[in-house]
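Welcome! Take a look at it first, and then read on.

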There are 2 protein chains.
Amino acid sequence: MSSQFYQEYPKFHVAVDCIIFGFERGHLKVLLQKRPFEPHAGEWSLMGGFVRQDEDVDDAAARVLTELTGLKDVYMKQVGAFGSVHRDSGDRVVSVAYSALLDIARVDKELNREHSAYWEDITLLPPLLFDHTEMVRQSLRMLRESISKRPVGFQLLPPLFTLTQLQMLYEAILGESIDKRNFRKRVAEIPFIEKTDEIDKLTSRRGAALYRFNNRAYQRDKHFKL
Amino acid sequence: MSSQFYQEYPKFHVAVDCIIFGFERGHLKVLLQKRPFEPHAGEWSLMGGFVRQDEDVDDAAARVLTELTGLKDVYMKQVGAFGSVHRDSGDRVVSVAYSALLDIARVDKELNREHSAYWEDITLLPPLLFDHTEMVRQSLRMLRESISKRPVGFQLLPPLFTLTQLQMLYEAILGESIDKRNFRKRVAEIPFIEKTDEIDKLTSRRGAALYRFNNRAYQRDKHFKL
DNA sequence: TCAAAAGTGTTAAGTTTACACCCATGA
DNA sequence: TCATGGGTGTAAACTTAACACTTTTGA
């Protein structure tokens, strides 16, 4: 099995943990799980899993995400490796954290229930298992940095969205309020945020124009600043 | 030995690889090694090593750095985990990359020689082993992002430096030239970059004022933009 | 008819960029 | 005395921030 090289060196369990972000009614949320196995069964934790023998670490993260949400091809980004000796009280485990951004409406609620997973507001997180709080903290920091520089926010919205939704998303992620007119002025200058002729009538009597993120147009010209 | 939990899951070699940056005569450089063991002995690679049984992954990176340079307490930052199944042809290895910034004058040249390590200009890198080129690429991207937002550049300079040296450092990292007057105007507004009354007479006839990064002052007010 | 969310421009303040010459010194 | 790198200020262009009222419509 194992190659002739490196035999003298120790081996470790390698796990992945997913920080899964969603956005609902103006709030940024994270999908948390009541841990389904020992040790520490029943505590709040991120959804994780062990990397398999012939599986890329990135693929393991995607697999775990799919197990919990039913979704494939979700936007994921590595947050980093967590490798303190005693970070997991079950055994030595090196874990690689990944953050995922998805449209909360698309997740399979049945699968969530089967895994005892619940959406929690990012501002109201309970204490989490091991170093999972630090993982969330770090991925939120990364999300805040990327949101204004790259058009990742759209991953958290449905395909059609109103400008108010988009603004609330930015406010929830950045944790500060934004001037409506300045925000809309900036959006108007971004060629790949396109106004459609659909109208959303659910959130206001008057109705709000629905917009779309055009990825083709973005690929042509990636210039972006919001 | 191994705990009762997680026994059924596979284990992997875990390694660290160091992207060690230095700055010399206007050039940003990386410390590369002729790989001293099989497989692929003699190829250009980053300095790396396997994580030990009772060692934090972060500590393993610091140890490897110390082995190669003789330096402790060097600025290091995790770049990320690299976990493709076949990334290392010797065996399955998950590697965590770390970048280090240090004052090239302080490294132990004898240790470098013992490890067949050489400083290479970042713009003139040879092809590297496995995914090491990607590791360098990624850490350079991170360095470019952080250099203008946080005062990390000083880690690459001696304790006293001239403004021309500082500017050349920024130019080497960002890969673009900067207007001298605008650069100095900005530096002048940063309270923790302090002019000393020392003069450097080595690089010019006239002599240039030497400056110092005051970490105390930085801790008091971390506001920074260069 | 009124409550609730959508939509819309202008001005002042601040930031960034472009640009060229004199200074001090050692060889 | 001259070649070399050190040091200095201003004005125009651009970007950001602050700010309040009108529109539409369903209940």
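**Where the two chains meet**

A:His13 stands opposite B:Lys11, which lies in strand 1 of chain B. This is a predicted model, so please read the points below as a description of a prediction. They start with the paired strands and then widen to the whole interface.

**Strand pairing**
- Strand 1 of chain A, residues 11-24, pairs with strand 1 of chain B.
- The two strands run in the antiparallel sense, and 3 bridges join them.

**Extent of the interface**
- On chain B, 38 residues are in contact with 38 residues of chain A.
- Together the chains bury about 3300 Å² between them, and 59% of this area is on carbon and sulfur atoms.
- Which three residues supply more of the area that chain B buries against chain A than any other three? They are B:Tyr6, B:Lys11 and B:Phe12, with 22% of that area.

**Polar contacts and salt bridges**
- Between chain B and chain A, 19 residue pairs are in polar contact, counting pairs with both residues at pLDDT 80 or more.
- For salt bridges across this interface, the rule finds 0.

**The side of chain B that touches chain A**
- Strand 1 (11-24), strand 5 (75-82) and strand 6 (93-101) of chain B each supply at least two residues of this side.
- Strand 1 of chain B gives the largest share, 4 residues.
- By residue type, this side of chain B divides into 17 nonpolar, 12 charged and 9 polar residues.

Definitions and conventions:
Residues are numbered from 1 along each chain as its sequence is written. Chains are lettered from A and ligands numbered from 1 in the order in which they are written. This is a predicted model: local features need pLDDT of at least 70, side-chain atom pairs count only at pLDDT 80 or more; totals for chains, interfaces and linings use all residues. Side-chain values use heavy atoms; hydrogens and water are left out. Contact means heavy atoms within 4.5 Å. Buried area is the accessible area (1.4 Å probe) that two parts lose on being put together, summed over both. A salt bridge is a side-chain nitrogen of Lys or Arg within 4 Å of a carboxyl oxygen of Asp or Glu. A polar contact is a pair of N or O atoms within 3.5 Å; within protein, one must be able to donate a hydrogen and the other to accept it, and residues adjacent in sequence count only if both atoms are side-chain atoms. Ala, Val, Leu, Ile, Met, Phe, Trp, Tyr, Cys and Pro count as nonpolar, Asp, Glu, Lys and Arg as charged, and the others, Gly among them, as polar. Two strands pair if DSSP finds at least two bridges between them.
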